[in-house]
Amino acid sequence: MTPPHLQTYAQRAQKHTNPAAKLLLETMERKQTNLSVSVDVTKAQEFLAIIDAVGPFVCLIKTHIDIIEDFDNSLINRLQELSTQHDFLIFEDRKFADIGNTVALQYSSGVYKIASWAHITNAHAVPGPSIVTGLASIGVPLQRGLILLAEMSSKGALTTGSYVEDAVRMARARRDFVVGFIAQHRMEGIDALERTDVADEDFLVLAPGVGLDSKGDAMGQQYRTPEEVVLNCGCDVIIVGRGIFGKSGEFNAESVQVQAKRYQSAGWDAYKKRVSLP
């Protein structure tokens, strides 16, 4: 049987049981993009302007909603409008990391009410399976998806070895809700771990730290090219931030769109090579 990462996004969408993962794969195929833009800015106006500019070229917008200094509920309404207008999903990069009851409240309640608008969110595996149980109690009825952090792109990250294997085990236990991983590559550990139902297993791998022009920054971020990430490492979605919109406060719509097109093309070309499409 052909491994999932060597199948097309359309083929994988037909078999995926989680609604959010299925919708993401269908969107990637329809728009011919595996690009996610991480919009890490602190002002609502710039946040929305960047999303509006890159929307036509992405499958997924990644947000850190809690860094928006002038947040109010109208921002979420506008974000959802842009999601519909430009045909992309929303990924709130919340990185939950607490006990089940607490994360269920963080996900559903408070100021942001993340589960009400984010198709996908993510969590650390550190708290163990209870974190998935807590988030699933909110997310499954809303047809949401969860990404587990298996590997991070920062220098010296501790997400290695047995931690990665345990994250995979946690994901396998809740395949109705856990749709994939934040990781640097399609982990060999997935294939090495014991399982009995490998035939239909398909986890998405979202890779941060993608850049065409830089190898890193002063804060320990490390960058790899779309071809390294998608073709050589078997990842499905490339996550790009400053490589597309530059420094906060220097937004230029035309420049942002040029860069978004550039990354969309590079990511899609790498995917076509991987699955041998013309």
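## A tour of salt bridges, strands and a helix pair

The model on the screen is a predicted one. Colour the pair by accessibility and arginine 174 comes out as partly exposed, at a relative accessible area of 24%, while aspartate 176 is likewise partly exposed, at 38%.

Zoom out for a moment to see the whole chain, which holds 11 helices and 8 strands. Of its 278 residues, 52% are buried, and among contacts between residues at least 6 apart in sequence, 73% join residues at least 24 apart. The salt bridges of the model number 14, and a few of them make up the next stops.

Select arginine 262 and aspartate 213, whose closest N and O atoms lie 2.8 Å apart in a salt bridge. Arginine 262 belongs to helix α11 (residues 253–275) and aspartate 213 to the loop between β7 (204–207) and α9 (226–232), so this pair ties together parts that are 49 residues apart in sequence. Arginine 262 is partly exposed, with a relative accessible area of 32%, whereas aspartate 213 is exposed, at 58%.

Now turn to aspartate 93 and lysine 62, where the side chains form a salt bridge with an N to O distance of 2.7 Å. Aspartate 93 sits in strand β3 and lysine 62 in strand β2 (residues 60–63), so that the bridge links distant parts of the chain, 31 residues apart. Are these two side chains buried or exposed? Aspartate 93 counts as buried because its relative accessibility is 6%, below the cut-off of 20%, and lysine 62 is buried too, with a relative accessible area of 7%.

Stay with strand β2 and display its side chains: Leu60 and Lys62 point one way, Ile61 and Thr63 point the other way, and all are buried. At valine 39, look across to β2, where threonine 63 stands opposite.

One more selection of charged residues takes in Arg12, Arg186, Asp202, Asp236 and Arg274, which a network of salt bridges links together. Side chains of opposite charge can pair when their charged atoms come close.

The last stop is helix α6 (residues 130–139), whose buried residues are Ile131, Val132, Gly134, Leu135, Ala136 and Gly139. Which elements do these buried residues pack against? Their neighbours are the strands β3 (89–96), β4 (120–124), β5 (145–149) and β6 (178–182), together with the helices α5 (100–108) and α7 (162–173).

Keep α5 and α6 in view and hide the rest. Two packed helices are described by the angle between their axes and the distance between the axes. For α5 and α6 the angle is about 35° and the axes are 7 Å apart, and the crossing is right-handed. To see the contact itself, select Gly100, Val103, Ala104, Tyr107 and Ser108 in α5, which meet Ser130, Ile131, Gly134, Leu135, Ser137, Ile138 and Gly139 in α6. Colouring these contact residues by type shows 6 nonpolar and 6 polar ones, with no charged residue among them.

Terms used
Residues are numbered from 1 along each chain as its sequence is written. This is a predicted model: local features need pLDDT of at least 70, side-chain atom pairs count only at pLDDT 80 or more; totals for chains, interfaces and linings use all residues. Side-chain values use heavy atoms; hydrogens and water are left out. Buried means under 20% relative accessible area, exposed over 50%, partly exposed in between (1.4 Å probe, protein chains only). Helices (H or I, at least four residues) and strands (E, at least two) are DSSP runs, numbered from the N terminus. Contact means heavy atoms within 4.5 Å. Axes are lines fitted to C-alpha atoms, for helices over the stretch in contact, and angles run from 0 to 180 degrees between N-to-C directions. A crossing is left-handed if the near helix is turned anticlockwise from the far one by less than a right angle, and right-handed if clockwise. Ala, Val, Leu, Ile, Met, Phe, Trp, Tyr, Cys and Pro count as nonpolar, Asp, Glu, Lys and Arg as charged, and the others, Gly among them, as polar. A salt bridge is a side-chain nitrogen of Lys or Arg within 4 Å of a carboxyl oxygen of Asp or Glu. Two strands pair if DSSP finds at least two bridges between them.
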